[in-house]
Amino acid sequence: MTRRFVLAVLLVAAPVAAQPQPVPAPELPRVRVIATGGTIAGVQDAPGTLGGYRAGTRTVGEIVQSVPELTRFAQIETEQFLNVASPEITPAHWVSLSKRVNELLKRPDLEGIVVTHGTDRLEETAFFLYLTVKSDKPVVVVGAQRPATGISPDGPINLLSAVRTAASPKARGMGVMVVMDDRIISARENRKLYPRTGGFGTGEMGMLGVVAGRGPEFFFRPARRHGVDTEFDITAIDTLPTVELVFSYPGGEGPRLGPDTQGVVAVTTSGFAPGERDAFTEIRRRGIVLVQAFPTGEHVAGGPPPGPGAGPRDPQGGPPAGAGQGRPGQNLAPTVSVQHLLPQKARILLMLALTKTRDPREIQRFFGEY
Ligand code: SIN
């Protein structure tokens with residue numbers, strides 16, 4: 001055995017010294033990372049390939065440990081709330097997650113919260129939190145479009161940006177935000193535009209800011225009610241009212257509603273097919289609240305409501321519905337119009353509105369203020 005060979009054997013056999021984990025400085029802000037699953041927790045059968053993966057597999061501990069840089073900016077706490085692909089998220093999950101976040105944010109030592117989430121239903125969970133978290137402290141929802149074991153995963157940098165935002169005093173009062181691809185987006189405006197990195201945007205609305213080299217920088221504030229100004233209190237609520245979301249299409253005949261349905265969001269650029277008109281007339285006659293939304297989240301045709309309590313436009317194609325009136329003699333509830341909100345988010349606002357009232361004029365007010 002040559003000396004060189006012995007040395008090589010010794011080197012190979014020598015135990016690898018455990019890498020010391022960086023210890024966070026105690027004065028750093030405390031941020032809790034609550035994990036729900038998604039691609040940010042996705043693991044492939046063949047790591048490092050372009051192959052398929054299972055979302056909601058890595059634990060929150062594994063996700064956080066894969067980004068040691070986090071400890072430079074915050075003291076991290078972790079919590080595994082769920083570990084699922086986000087299409088499995090239900091309204092009951094929204095309610096219990098929001099209760100948990102509200103409870104945690106009462107802690108004076110906690111600066112902010114990051115929620116990791118699958119991107120497919122991230123818009124909805126983030127908006128529900130935006131409407132129901134009664135705190136000035138930052139809550140940041142974050143996901144990834146490439147699995148944690150994939151090539152160039154986006155999860156680690158997104159998580160780092162999310163934690164830096166949640167730890168920042170500049171983020172106070174900004175409401176619930178989505179931080180992905182260096183963008184800070186209000187949960188009201190964020191939308192998944194495409195399923196690749198960079199795919200979260202705001203449509204025609206602006207971002208709140210960016211996460212740059214020096215950390216989060218804000219340029220705008222959300223103008224709509226949120227945070228400590230929200231009227232929605234879910235403390236005593238476990239289930240949300242049933243609200244259906246339906247698209248108008250040629251030859252459509254309207255939705256078949258179950259007995260529990262309290263509201264319908266009808267999505268159309270303007271107008272309805274004859275069969276749908278009959279169905280919506282019947283729906284309004286039953287006192288079910290009908291909300292009209294534009295497919296891409298623009299204002300519905302006719303613009304903002306003309307005054308307090310007035311629905312702007314009758315979905316039958318008639319004139320504005322007016323305060324509490326449909327067409328003369330029909331005794332129909334007025335139609336509520338969406339003001340620049342994606343239909344799936346309009347559904348969430350309607351669900352929460354229905355926990356407080358079934359009066360369409362009051363519900364129109366919610367759509368005007370949130
Ligand atoms: C999911 O929504 O859970 C899967 C897709 C993703 O996170 O990008």
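Which residue forms a salt bridge with D120, and how far apart are the closest N and O atoms? I take that up in point 1, after two remarks on conventions. This is a predicted model, in which local features need pLDDT of at least 70 and side-chain atom pairs count only at pLDDT 80 or more, while totals for chains, interfaces and linings use all residues. Residues are numbered from 1 along each chain as its sequence is written, and side-chain values use heavy atoms, with hydrogens and water left out.

1. The partner is K192, and the closest N and O atoms of K192 and D120 are 2.8 Å apart. A salt bridge here is a side-chain nitrogen of Lys or Arg within 4 Å of a carboxyl oxygen of Asp or Glu. This pair links distant parts of the chain, 72 residues apart: K192 belongs to strand β9 (residues 191-192), and D120 to the loop between β5 and α4 (122-132). Helices (H or I, at least four residues) and strands (E, at least two) are DSSP runs, numbered from the N terminus. K192 counts as partly exposed because its relative accessibility is 23%, and D120 does so at 41%. The cut-offs are under 20% relative accessible area for buried, over 50% for exposed, and partly exposed in between (1.4 Å probe, protein chains only).

2. By the salt-bridge rule the count comes to 23. One of them joins the side chains of R172 and E111 at 3.4 Å, N to O. R172 is partly exposed, at 35% relative accessibility.

3. R365 and E362 meet through their side chains in a salt bridge of 2.8 Å, N to O. Because they are three residues apart in helix α8 (residues 360-369), about one helical turn separates them. R365 is partly exposed at 25% relative accessible area, as is E362 at 28%. Elsewhere, salt bridges that share partners join R30, R32, E77, E79, R100, R107 and D109 into one network.

4. Please look closely at E276, in helix α6 (residues 274-285). E276 is buried yet has no salt bridge, and the nearest side chain of opposite charge, R277, is 7.6 Å away. For charge, Lys and Arg count as positive and Asp and Glu as negative, while His and the chain ends are not counted. The E276 side chain does reach the backbone nitrogen of A273 at 2.8 Å. Leaving aside neighbours within four places in sequence, E276 is in contact (heavy atoms within 4.5 Å) with F247, S248, Y249, G252, E253 and G254.

5. Not counting residues up to four places away in sequence, L349 touches F127, L131, F232, L341, F366, F367 and Y370.

6. T116, in strand β5 (residues 112-116), counts as buried because its relative accessibility is 1%. Its C-alpha atom is separated by 7.7 Å from that of G38, 78 residues away along the chain. Among the residues that T116 touches beyond four places in sequence are V33, I34, A35, V142 and L159.

7. Two backbone angles deserve a check. Most residues other than glycine have a negative phi. In the loop between β7 (176-180) and β8 (183-186), D181 has a positive phi, near 55°. D182 is in the loop between β7 and β8 as well, and its phi is also positive, near 70°.

8. For the overall picture, the protein has eight helices and 16 strands, and 51% of its 370 residues count as buried.

Conventions
A polar contact is a pair of N or O atoms within 3.5 Å; within protein, one must be able to donate a hydrogen and the other to accept it, and residues adjacent in sequence count only if both atoms are side-chain atoms.
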